[in-house]
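Please keep the sequence and the coordinates at hand.

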Amino acid sequence: MKKKKSVIPGFGLSFGIVMAMLGLIVIIPLCSLVVFSLKLSPREFWETVTRPRVLASYKVSIMTAFIASAINAVMGLAIAWVLVRYDFPGKRIMDGIIELPFALPTAVAGIALTHLTVPEGWVGKIFAGAGIKIAYTRIGITIALVFIGIPFVVRSVQPVLEKVDKEYEEAAAMFGASRIQIFFQVILPEIKPALIAGFTMAFARSIGEYGSVVFIAGNTPFKTEITPLMIMAKLQEFDYASATSIALVMLLLAFVILFVNALIQSHTSKIVSGIE
Amino acid sequence: MAENAQAYVELRHINKTFGNYKASDDVSFSVEKGKLIGLLGPSGSGKTTILRILAGLETADSGDIFIDGQKVNDIPASKRGIGFVFQSYALFRYKTVFDNIAFGLKIQKRSKAEIKDRVDELIELVGLKGLEKRYPKQLSGGQRQRVAFARALATQPHLLLLDEPFAAIDAKVRKELRSWLRELISQVGITSIFVTHDQEEAIEVADEIIVTNKGRIEQIGTPVTVYSDPKTPFVAQFLGDPVSIKDYAKFKGFHETSGGSLAIIRPEFVTVTKKNEFNPYPVTTEEGIVEHVAFRGSMLELSIRIRDEHLIAHRQIGQELIKEGEKVNVFLQRIYLVDDAGENVHIAVNEALREESVVI
């Protein structure tokens, strides 16, 4: 039997590397999560993951992450728009700064944001005057999540926006479409898939964020405790089974978020690629 | 021509500069109602700029634009009653064929029933029935052009502008679409101007051709006139794939010809016969050596050396084949002569033909 050679060489080797990496880094750790949680009976598992304090933490995590990602979707789009559409001094620097939240240790961001937003801090002072507390509340958590999530949206939208042809806008303008109509009917549909992708990535990341949030959250039970903190707390009590059980719930949640995103993306890519 | 009372579209002394590049240099022309005009020129000759200024997508530095007797300089693009077909069609990727065509009508807030009627009518007109629900990417290049065409016509413009309408389509479909577009435009009866760099396309499709070069208009006329009676050296050299020769007086039949600095010779001016074939003008016939033979489908393209000059000639495929290195008889019927100032062109005919010839 003759082996057919592919034009692109090295499939066997590179595929092997991919599978090894995926296995070592993703699949085995995730399996261990399942194995650890299986030490509990289904009943115990259910009780662990539905304790009132844990339930409250899901609510805090999902709510703050959702609001933060929604803010990021709007603000990130605005930033990407400015970076793509206009030329101004310092544009390159601004473009580089966007990625800072990726590079900065999240704890550093957490401490910095906390210092700013406590009632004595520069920003906190202003809001304290109006009777609004930021640090140690859900608002504080949301701000930390906005900080870590913004590059996801900007970096997904930016390249797509760059490719939106000026001719689309001219075509719409020839029919007398206003700027607002052009934006919502012509440009937004073009960048919507990227915007959704950026939103979901920011959302998924925000739900799991720990480092920057613990400092600013204040960690009041039922009020500002996030789910990752619950996992940490269980670990510190050496209650590994409970910790992994909660972690498993988060894993499922992350999976659902990414799955929904994948569905949306495959739908839109079908339209663009023309394959039915 | 410039002050034609019937002029539907008129440009007067349009100038436009991008940086230090002069895209339009005192451009003036007028177009009669219902005509199909081809703006022909090499890339960078300013033809697309003229189209965009006319559409209102670009503002001229100076000059006036009139459409239907009205000065439209300060009227926005959308109020000029123009349909524009973009080079890449600019179809909205996330809208279906129906929604793409309906776009302009929706912007104008027409009623749902009216939009449906109009779009159905257009889809029927461009022959895309049954494809209303497709997305642009699910269509072939030719079908996409039809959608772009229907979308431009949806709001019933009085003037249709097409920027390189066939550039994005493969050669075979292009020919088909050319005649389709020509037919459709005459059916709709809309005054149209299209931009092309392809002389064959302009000659085949347009009622009238405007040849542009370096931001200037070189010549305006029917395809026959522009092709057979070029008025400027540029037009003579741009159309018909000719060769240029400086020392033309050395060729037999042109010894007495003078009054020009350059001869432009098109392949169809050169008759090639084999040594054993009948030659009616033996006195004014040159002998040449075939250096290269290229197969061009229905004909052979011969590269011939005569008196250290190279000429290009065509020979029908049905005639006896000519091989490389073969000695042949070459008869030069006529040449285009560029005058010493390099401004005007006139035709010089071979002495042997002068008595009987009729110049078209």
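Two residues are taken to be in contact if their C-beta atoms, placed from the backbone, lie within 7 Å. The model under discussion is predicted.

In these terms, I101(B) is in contact with V119(B), L122(B), I123(B), V147(B), A150(B), R151(B) and A154(B), when its neighbours within four places in sequence are left aside. I101(B) also belongs to the largest nonpolar core, which holds 103 residues; together with L39(B), A150(B), L161(B) and I335(B), I101(B) is among those that touch the most other members. Helix α2 of chain B, residues 97-107, supplies the largest share of this core, namely seven residues.

L161(B) leads on to the strands. This residue, in β7(B), stands opposite F84(B). Strand β6 (residues 82-85) and strand β7 (residues 159-163) of chain B pair in the parallel sense, over four bridges. Strand β6 of chain B is covered on both faces: I82(B) and F84(B) are buried on one side, and G83(B) and V85(B) are buried on the other. In general, the side chains of a regular strand alternate between the two faces of the sheet.

Antiparallel pairing is found in an open sheet of four strands in chain B, with the order β2-β1-β4-β5. Because β2 (21-32) and β5 (70-71) of chain B each have a single partner strand, they stand at the edges, and one side of each is left without a neighbour in the sheet. Strand β1 (residues 7-18) of chain B is joined to β2(B) by eight bridges, and L11(B) has F29(B) in β2(B) as its bridge partner. Helix α1 of chain B (residues 47-55) packs on the sheet and touches β1, β2 and β4 (62-67) of that chain, with a direction at about 65° to that of β2(B).

Is V173(B) buried or partly exposed? V173(B) counts as partly exposed because it has 16 C-beta neighbours inside 10 Å, whereas a buried residue needs 20 or more. Beyond its neighbours within four places in sequence, V173(B) is in contact with G141(B) and G142(B). Its C-alpha atom is separated by 36 Å from that of K109(B), 64 residues away along the chain.

Notes:
Residues numbered from 1 in each chain as written. Chains lettered and ligands numbered in written order. Predicted model: local features only at pLDDT ≥ 70, side-chain atom pairs only at ≥ 80, totals over all residues. Pairing = 2+ DSSP bridges. Helix = DSSP H or I, 4+ residues; strand = E, 2+ residues; numbered from the N terminus. Axes fitted to C-alpha atoms, helices over the stretch in contact; angles between N-to-C directions. Buried ≥ 20, exposed ≤ 12 C-beta atoms within 10 Å, placed from the backbone. Core = buried A, V, L, I, M, F, W, Y, C linked by C-beta atoms within 7 Å.
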